[in-house]
Amino acid sequence: DSSKGEMVGDYIYYLKEIEKLHPNVEVIHRPNSGCRKNYLYALNKIETPYMFYLEHDWTFLEELNLSKLVSVFEKHSQVNYIRFNHKNNDDISGWDTVHELDTSITEVPLLKVDCWHNVIHMIRVKDYKATKLPLIDSWSIEDSLTRHYKRTIMECGFSEAHSKWGAYLYGKEDATPVVLNIGVREDGNSIGHRVLQFRDAL
């Protein structure tokens, strides 16, 4: 219908504007692919030691020091994944059942967590390819990895499982959100969900 066509046009226009405004950024057009395929495609294409993942309908609520975050990955080999909090860190619900401050990391506050979520995050590419990629066995990356992570916790306990997975949440125990989904509407759907609905038209 016409509304779907307009959304497709807006999306393509948005990508072209990124290319104009940021000529040093390589924009790759992959029609009919979706988030999962594009995530894995990017993972196999990049040559950097770390990957920063950001979806189009999320934004930051405060400025972050990316240099410090890179420094954390470089100095602390136990860190393989940092998720940026989209709700209050004292809200331990959903997939999250553990928030434990890692006092050995002083550059930025980080909480050890027991789930893997695709909210805006950074990963250590080498670890992901070696230990996480083989575990993705469903259409959902976060569902696959969280399921396997929880299974590891059940087998050997949280401390040992976390030492293998290296999953962290940004901020202190009482931190407020640093990222926000700007596409959420009153009906609970988001622009991201609507993009999935018309991706076949791209």
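Buried means under 20% relative accessible area, exposed means over 50%, and partly exposed lies in between (1.4 Å probe, protein chains only). Helices (H or I, at least four residues) and strands (E, at least two) are DSSP runs, numbered from the N terminus. This is a predicted model: local features need pLDDT of at least 70, side-chain atom pairs count only at pLDDT 80 or more, and totals for chains, interfaces and linings use all residues. Residues are numbered from 1 along each chain as its sequence is written, and side-chain values use heavy atoms, with hydrogens and water left out.

Start at helix α6, residues 158-165. Its buried residues are Phe158, Ala161, His162 and Trp165. Seen down the axis of α6, they fall within an arc of 100°, so they line one face of the helix. The arc is taken from the directions from the helix axis to the C-beta atoms. An α-helix has 3.6 residues a turn, so residues three or four places apart point the same way.

Ser159 and Ser163 are exposed, on the face of α6 turned away from its buried side. The buried residues pack against β4 (99-101), β5 (110-113), α4 (125-132), α5 (141-156) and β7 (167-170). Contact here means heavy atoms within 4.5 Å.

Lys164 also belongs to α6. Lys164 is partly exposed, at 46% relative accessible area. Leaving aside residues up to four places away in sequence, Lys164 touches Asn80, Lys132, Thr152 and Cys156. Just after α6, Gly166 takes a positive phi of about 65°.

Now zoom out. The protein has seven helices and eight strands. Buried residues make up 40% of its 202 residues.
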